[in-house]
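Keep the viewer at hand as you read.

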Amino acid sequence: MNEHFYEVLHRRRDVRGEFTGEPVDEAVLTRVLTAAHAAPSVGLSQPWDFVLVRDADTREAFARHVQDERAVFAASLDGERAETFSRIKIEGIRESGLGIVVTYDEQRGAPAVLGRHAIADAGLYSVCLAIQNLWLAATAEGLGVGWVSFYREPVLAGLLGIPDGIRPVAWLCVGPVTALARTPDLERHGWRHRAPLAEVVHHERFTHRDQGPK
């Protein structure tokens with residue numbers, strides 16, 4: 001068993017506040033992007049692109065938009081949930097120094113994308129596999145990655161000049177970190193706790209959690 005792989009898998013974190021602001025070494029960045037580009041994809045369509053964003057003004061504009069969306073979500077919360085969320089940092093856009101925006105091009109390999117005719121989202125799943133490859137490779141290289149999801153897709157597309165028909169799937173904050181936290185932020189702040197494996201494994205048929213096996 002390759003213990004190093006499993007160690008990397010469990011050490012991976014969604015990083016927010018631990019970025020140092022130092023640049024990512026170009027050779028390291030190439031290895032990480034190569035790992036992402038090696039991901040499996042439906043029909044070998046490789047429907048992803050990677051937009052590298054270092055410009056401070058662009059990152060600042062995106063960070064302001066994300067804070068506006070944070071406020072929208074915060075306004076939907078009450079009581080203890082609102083108090084808990086107020087303590088959670090949701091992004092490291094300014095601190096990381098590098099944003100990698102991963103996009104999905106539905107027309108890549110079209111019209112006959114082998115394996116996508118029955119499951120339209122298979123291409124989107126492929127992009128998520130590329131993101132996971134990128135994340136694990138970055139972790140192995142000692143980098144942190146944070147997936148920002150508090151944004152409106154049309155806003156990000158307009159900010160980066162992403163053409164119509166290509167969907168921005170993720171803004172990833174990437175960079176050197178002081179350390180990777182042992183406990184995920186959302187667990188540490190009490191927002192949610194990780195479910196044990198036994199709760200999500202089913203045998204032969206799906207079993208609702210309030211039912212025992214039949």
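The points below cover the annotated domain, the ring pairs and the charges over rings. Please bear in mind that this is a predicted model.

**The annotated domain**
- An unreviewed UniProt entry places the feature "domain: Nitroreductase" at residues 11-175.
- Across residues 11-175, 44% of the chain is helix and 18% is strand, with the end C-alpha atoms 16 Å apart.

**Ring pairs around Phe85**
- The structure holds seven aromatic pairs.
- One of them joins Phe73 and Phe85: the ring centres are 5.1 Å apart and the planes meet at 80 degrees, so this pair is edge-to-face.
- Phe73 belongs to helix α3 (residues 56-75) and Phe85 to helix α4 (residues 79-86), so their pair ties together parts that are twelve residues apart in sequence.
- Phe73 counts as partly exposed because its relative accessibility is 31%, while Phe85, at 5%, counts as buried.
- Phe85 also pairs with Phe150 in a stacked arrangement, with 6.1 Å from centre to centre and 20 degrees between the planes.
- Phe150 sits in the loop between β3 (143-148) and α7 (153-160), and Phe85 in helix α4, so this pair ties together parts that are 65 residues apart in sequence.
- Both Phe85 and Phe150 are buried.

**A ring cluster**
- Phe62, Tyr151 and Trp171 are linked into a cluster by ring pairs.

**Charges over rings**
- The charged end of Arg12 sits over the ring of Trp135, 4.7 Å from its centre.

Technical notes: Residues numbered from 1 in each chain as written. Predicted model: local features only at pLDDT ≥ 70, side-chain atom pairs only at ≥ 80, totals over all residues. Heavy atoms only, no water. UniProt positions renumbered as here; feature names shortened; annotations may be inferred. Helix = DSSP H or I, 4+ residues; strand = E, 2+ residues; numbered from the N terminus. Phe/Tyr/Trp six-rings, centres within 6.5 Å; stacked < 30°, edge-to-face > 60°. Buried < 20%, exposed > 50% of the residue type's maximum accessible area, 1.4 Å probe, protein only. Lys NZ or Arg CZ within 6 Å of the ring centre and 35° of its normal.
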